[in-house]
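Hi,

Here is the structure I promised to pass on to you. Please open it first, and then read on for what turned up in it.

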Amino acid sequence: MTNPEFSFSNRFQLLGDLNSENKIYQTKQNLEKSGNEIFDLTNSNPTKLGLEFPPSALSHIFSNLDCSQYEPQAEGLESTRKVITSEYESRGIQTNPSDLILTASTSEAYSYIFKLFTNPGDEVLTPNPGYPLFSFLIGLENLKEVHYPLKENPETGNWEYSAETIANCISTKTKLIILVSPANPTGSRTTANFWKEWEALGIKIPILLDEVFVGYEFAGELHQIPDSPSFPLLVCNGFSKMLALPGLKLGWILVKSPKNYQSEILKNLSFIADTYLSVNSPVQLATPELIPWKSMIQNRIRTRIMRNLAQCILFAEETPKIKKKSNTEAGWYFSFELDLEKKDEDLVLEILSKPGVFLHPGSWYGHSHNRCILIISLISDEETLRLGLSSLQSFLK
């Protein structure tokens with residue numbers, strides 16, 4: 001009898017070398033272990049930055065729940081879905097509880113949608129610049145990520161969606177298109193004009209629209225969801241950014257598709273959800289008490305963002321080596337481009353090692369390695385941001 005050795009899934013080959021050390025993070029850890037003060041301007045976890053959901057309110061809400069009974073429902077509790085439906089209706093978006101599938105997170109929502117529309121080897125289109133998590137979510141499904149470029153508006157510096165550009169990246173293997181609106185780190189949005197141009201192309205490929213940063217728009221055209229799309233549209237959102245509750249784990253998929261697609265999509269998504277039954281009961285039961293806190297939570301975060309954005313703009317205007325700054329209109333990030341002939345990762349290491357300021361290189365988000373773009377979290381602690389920018393400015397003189 002043969003005794004073959006085990007082997008890991010080839011998914012991990014698609015993800016690259018997972019064992020390689022990230023030199024930038026390794027340097028940061030070494031500096032901190034040596035007692036060096038680091039001004040971390042990359043933190044985007046609201047629970048670590050004084051922007052968390054009020055702990056006493058959270059404790060009170062959960063202490064009044066009866067969690068002893070378990071009623072497994074593939075789509076999620078109808079009472080929970082009704083509350084989320086009301087939230088969409090308050091935004092002028094008509095929907096029904098039956099159009100929603102609850103998930104444990106937006107990342108899980110992605111995996112459900114990948115399972116619904118794709119087979120191993122198929123292609124998924126993602127925006128570039130974009131968010132690096134997509135590569136891992138797609139790779140773990142044995143799919144191929146294909147980037148479509150966002151268009152950089154030379155007048156405003158904004159990164160914009162172009163229906164024609166996305167269409168030009170479609171191949172016979174393209175089974176899903178991902179749009180993020182508002183997007184991080186670019187602030188890009190799917191505007192009414194974008195959807196008009198997209199509909200005119202007549203493309204029926206399903207679209208996953210990630211709107212986790214909705215509510216964090218500050219200027220320019222608004223993020224839009226089409227009322228009656230002619231293609232399968234699956235909108236993902238959740239509590240992570242809406243309520244500053246990334247650890248509570250509730251996301252959802254809103255299905256807005258033509259009638260001839262809608263029922264079949266929902267039936268198959270329900271089957272996938274029923275296979276895992278991953279959404280816990282307590283968070284579903286608490287949803288009616290959690291959602292009303294949205295305005296307060298988002299107002300606090302927006303206030304932090306606007307104050308920090310003002311600091312970042314002043315910093316950029318007073319630093320001659322900065323040749324371009326992002327015209328931040330949405331999202332949680334600010335980016336700026338330096339007039340230096342250095343690779344962004346090398347510069348981040350230098351800034352980390354000398355003035356002790358931690359930034360993200362733009363290439364981590366898909367910006368060109370030939371451009372020295374650096375990225376800052378706009379929900380950073382305000383005093384940390386002030387001190388970090390001051391140290392960085394002195395370094396760049």
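**What turned up**

Leu41 is buried, with a relative accessibility of 0%; here buried means under 20% relative accessible area, exposed means over 50%, and partly exposed lies in between (1.4 Å probe, protein chains only). Before going further, please note that this is a predicted model, in which local features need pLDDT of at least 70 and side-chain atom pairs count only at pLDDT 80 or more, while totals for chains, interfaces and linings use all residues. Residues are numbered from 1 along each chain as its sequence is written, and side-chain values use heavy atoms, with hydrogens and water left out.

**Around Leu41**

Leu41 sits in the loop between β1 (39-40) and α3 (55-63). Helices (H or I, at least four residues) and strands (E, at least two) are DSSP runs, numbered from the N terminus. Leaving aside neighbours within four places in sequence, Leu41 is in contact (heavy atoms within 4.5 Å) with Val357, Phe358, Leu359, Ile376, Ser377, Ser380, Thr384, Leu385, Gly388 and Leu389. Asn153 is 112 residues from Leu41 in sequence, and the C-alpha atoms of the two are 26 Å apart in space.

**The open sheet**

Ile376, one of those contacts of Leu41, is also the bridge partner in β15 of Phe334. Strand β12 (residues 333-338) and β15 run antiparallel and are joined by five bridges; two strands count as paired if DSSP finds at least two bridges between them. These strands belong to an open sheet of four, in the order β11-β12-β15-β14, with antiparallel pairing. β11 (322-325) and β14 stand at the edges with a single partner strand each, so one side of each is left without a neighbour in the sheet. Helix α13 (residues 344-353) packs on this sheet and touches β12, β14 and β15. The direction of α13 makes about 55° with that of β15, where axes are lines fitted to C-alpha atoms (for helices over the stretch in contact) and angles run from 0 to 180 degrees between N-to-C directions.

**A buried strand and a covered helix**

Next, have a look at β10 (residues 251-256). Six of the six residues of this strand are buried, so β10 is largely enclosed by the rest of the structure. Both of its faces are covered: Gly251, Ile253 and Val255 are buried on one side, and Trp252, Leu254 and Lys256 on the other. β10 pairs with β2 in the antiparallel sense over four bridges, and Leu102 has Trp252 as its bridge partner in β10. The pairing of β9 with β10 is antiparallel too, over six bridges, and there Val235 has Leu254 as its bridge partner in β10.

Helix α5 (residues 106-117) is mostly covered, with nine of its twelve residues buried. Among them are Glu108, Tyr110, Tyr112 and Phe114.

**Salt bridges and cysteines**

How many salt bridges does the structure hold? There are 17, counting a side-chain nitrogen of Lys or Arg within 4 Å of a carboxyl oxygen of Asp or Glu.

Arg91 and Glu211 form one of them, at 2.8 Å from N to O. Arg91 lies in the loop between α4 (78-90) and β2 (100-103) and Glu211 in the loop between β8 (207-210) and β9 (233-238), so the pair ties together parts that are 120 residues apart in sequence. Glu211 is buried at 0% relative accessible area, whereas Arg91 is partly exposed at 30%.

Glu152 bridges to Arg371, with the closest N and O atoms 2.9 Å apart. Glu152 lies in strand β5 (residues 151-152) and Arg371 in the loop between β14 (360-361) and β15 (373-377), so this pair ties together parts that are 219 residues apart in sequence. Glu152 is partly exposed, at 27%.

Glu264 and Lys267 meet at 3.3 Å, N to O. They are three residues apart in helix α10 (residues 259-276), separated by about one helical turn. Salt bridges that share partners also join Glu152, Lys323, Lys324, Glu337 and Arg371 into one network.

As for disulfides (a pair of cysteine sulfur atoms within 2.5 Å), a search of the whole structure finds zero. Cys236 is buried at 0% relative accessibility, and Cys169 is partly exposed at 22%.

Best wishes
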